[in-house]
Amino acid sequence: VYPQPTVAFTGNNVCFGNAIEFSNLTTNNNGTLNYTWNFGDGSVSYNPNPIKNYATAGTYTVELLAVSDNGCKDSLSQSFSVLPQPVADFSVPNIC
């Protein structure tokens, strides 16, 4: 029996136009791990610590799957928000 990896990762909510930098904190006591990130918008990455730019603002459920070379696996899903850019809305009165 081989130990199962324990998946953990972090990321931050961002304003649209900025990338989310994901930090993979997965632990494994035996073997090599392969990673699959599902970003909730139909795209994936196999990079251990990916950086993701989203095409639109919204809330995305990101899943990280880790599979060891022994076939043991674990996954974790977390939600992240890509917030719309603020829009300035003001006017200056003409006082002259």
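Predicted model: local features only at pLDDT ≥ 70, side-chain atom pairs only at ≥ 80, totals over all residues.
Me: How many helices and how many strands does the chain have?
Reply: From the N terminus on, the elements run β-β-β-β-β-β-β-β-β. The count is therefore 0 helices and 9 strands, a strand being a DSSP run of at least two residues.

Me: Why is the chain said to be more spread out than a compact globule?
Reply: For 96 residues the globule rule gives 12 Å, and the radius of gyration of the chain is well over that, so the chain is more spread out than a compact globule. The C-alpha atoms fill a box of roughly 80 × 20 × 15 Å along the principal axes. The radius of gyration itself is 19 Å.

Me: What is the strand order of the open sheet, and which strands are at its edges?
Reply: The sheet has 5 strands with mixed pairing, in the order E2-E9-E8-E5-E6. An edge strand pairs on one side only, and this applies to E2 (14–15) and E6 (44–45).

Me: Which strand pairs with E2, and is the sense parallel or antiparallel?
Reply: Val-14 stands opposite Val-82, a residue of E9. E2 and E9 (residues 73–83) are joined over 2 bridges, and two bridges are enough for strands to count as paired. The partner is E9, and the sense is parallel.

Me: Which residue in E6 stands opposite Trp-37?
Reply: E5 (residues 33–38) and E6 pair in the antiparallel sense over 2 bridges. Beyond its neighbours within four places in sequence, Trp-37 has contacts that include Val-44 and Ser-45. The residue opposite Trp-37 is Ser-45.

Me: Which element gives the largest share of the largest nonpolar core?
Reply: This core has 16 residues, and Phe-9, Ile-20, Phe-22, Trp-37, Tyr-54 and Val-62 touch the most other members. Two or more residues come from each of E5, E8 and E9. The largest share is 4 residues, from E8.

Me: Is Trp-37 buried or exposed?
Reply: Its contacts away from its sequence neighbours include Phe-9, Phe-22, Pro-48, Pro-50, Val-62 and Leu-64. The relative accessibility of Trp-37 is 0%, and the cut-off for burial is under 20%, so Trp-37 is buried.

Me: What is the geometry of the aromatic pair Phe-9 and Phe-22?
Reply: Phe-9 lies in E1 (residues 9–10) and Phe-22 in the loop between E3 (20–21) and E4 (23–24), 13 residues apart. Both residues are buried. The centres are 6.2 Å apart and the planes are at 70 degrees; planes over 60 degrees apart count as edge-to-face, so the pair is edge-to-face.

Me: Why does the pair of Trp-37 and Phe-39 count as stacked?
Reply: Phe-39 is buried, with a relative accessible area of 3%. Phe-39 and Trp-37 belong to one aromatic cluster with Phe-9, Phe-22 and Phe-80. The ring centres of Trp-37 and Phe-39 are 6.4 Å apart and their planes are at 10 degrees, under the 30 degree cut-off, so the pair is stacked.

Conventions
Residues numbered from 1 in each chain as written. Heavy atoms only, no water. Core = buried A, V, L, I, M, F, W, Y, C linked by side-chain atoms within 4.5 Å. Buried < 20%, exposed > 50% of the residue type's maximum accessible area, 1.4 Å probe, protein only. Contact = heavy atoms within 4.5 Å. Rg over C-alpha atoms; globule rule 2.2 N^0.38 Å. Phe/Tyr/Trp six-rings, centres within 6.5 Å; stacked < 30°, edge-to-face > 60°.
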